[in-house]
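Student: I'm new to this one. Could you show me how to read it, one feature at a time?

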Amino acid sequence: MKPTFASSFSSPFLVAIGMLLFVACSGPTDEPEKAPQLAPELLAGKAVVDKTCIACHGQGLNGAPILGNKKMWGKRLPQGEDVLVSHAINGFAMEMMPPRGGNPDLSDEDIRNAVRYMMSLVQ
Ligand code: HEC
């Protein structure tokens, strides 16, 4: 027996309705895109670098090792974090690297965070 007009029509129609319901119910999720997060002290260090240190370390003024440039940092990193921090706090190379990047308001902690952030860019 031949299928009636109604039954041959209705099944694709029902499938279409079903798909519409499925799409409507599964909708977009509310999960925001997760950006990679920096550790809090690196985030604090980045703020100091972006405000103060970048003036010279952004472009390599007077031979300042450029942020993220592995070659320029390569011979400085082996001195270790403590030596780099003390050079940044006290000044270095006849103060071409000025004490605290020229901003006396920065604490030792600010400088250490900034140096850690600089080091993290080349590791
Ligand atoms: C006025 C420019 C200037 C500013 C601002 C500045 N620096 Fe420097 N920095 C230099 C120069 C130039 C050198 C390279 C000195 C050399 O070795 O000849 C340097 C070197 C360094 C070094 C490597 C020291 C070593 O022992 O090799 C560190 C670490 C550093 N700076 C950290 C900082 C931090 C942290 C800040 C921000 C708080 C900062 N600098 C801001 C100019 C600057």
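Tutor: A residue is buried if 20 or more other C-beta atoms lie within 10 Å of its own, exposed if 12 or fewer, and partly exposed in between, with C-beta atoms placed from the backbone. Helices (H or I, at least four residues) and strands (E, at least two) are DSSP runs, numbered from the N terminus. This is a predicted model, where local features need pLDDT of at least 70 and side-chain atom pairs count only at pLDDT 80 or more, while totals for chains, interfaces and linings use all residues. Residues are numbered from 1 along each chain as its sequence is written.

Student: How many helices and strands does the protein chain have?

Tutor: Five helices and zero strands. Of its 123 residues, 16% count as buried.

Student: Which residues of α5 are buried?

Tutor: They are D110, I111, R112, N113, A114, V115, Y117 and M118. The helix itself runs over residues 108–120 and reaches 18 Å from first C-alpha to last, close to the 18 Å expected. That expected span is 1.5 Å times one less than the number of residues.

Student: What do the buried residues of α5 pack against?

Tutor: Against α2 (40–57) and α4 (81–90). Two residues are in contact if their C-beta atoms, placed from the backbone, lie within 7 Å. Leaving aside neighbours within four places in sequence, A114 touches G45, V48, V49 and C53 in this sense.

Student: What is a nonpolar core, and how many residues does the largest one have here?

Tutor: It is a set of buried Ala, Val, Leu, Ile, Met, Phe, Trp, Tyr and Cys residues joined through C-beta atoms within 7 Å. The largest has 12 residues, including V48, L84 and A114. Its largest share, five residues, comes from α5.

Student: Which residues come nearest the ligand?

Tutor: A residue is near a molecule if its C-beta atom, placed from the backbone, lies within 6 Å of it. Of the 28 residues around the ligand, C53, C56, A64, M97 and G101 come nearest. The helix giving the most to this shell is α2, with six residues.

Student: Why does I66 count as partly exposed?

Tutor: Because I66 has 19 C-beta neighbours inside 10 Å. You'll find I66 in the loop between α2 and α3 (70–74). Leaving aside neighbours within four places in sequence, I66 is in contact with H57, G60 and M72. I66 and M118 are 52 residues apart in sequence, yet 9.1 Å apart in space, C-alpha to C-alpha.
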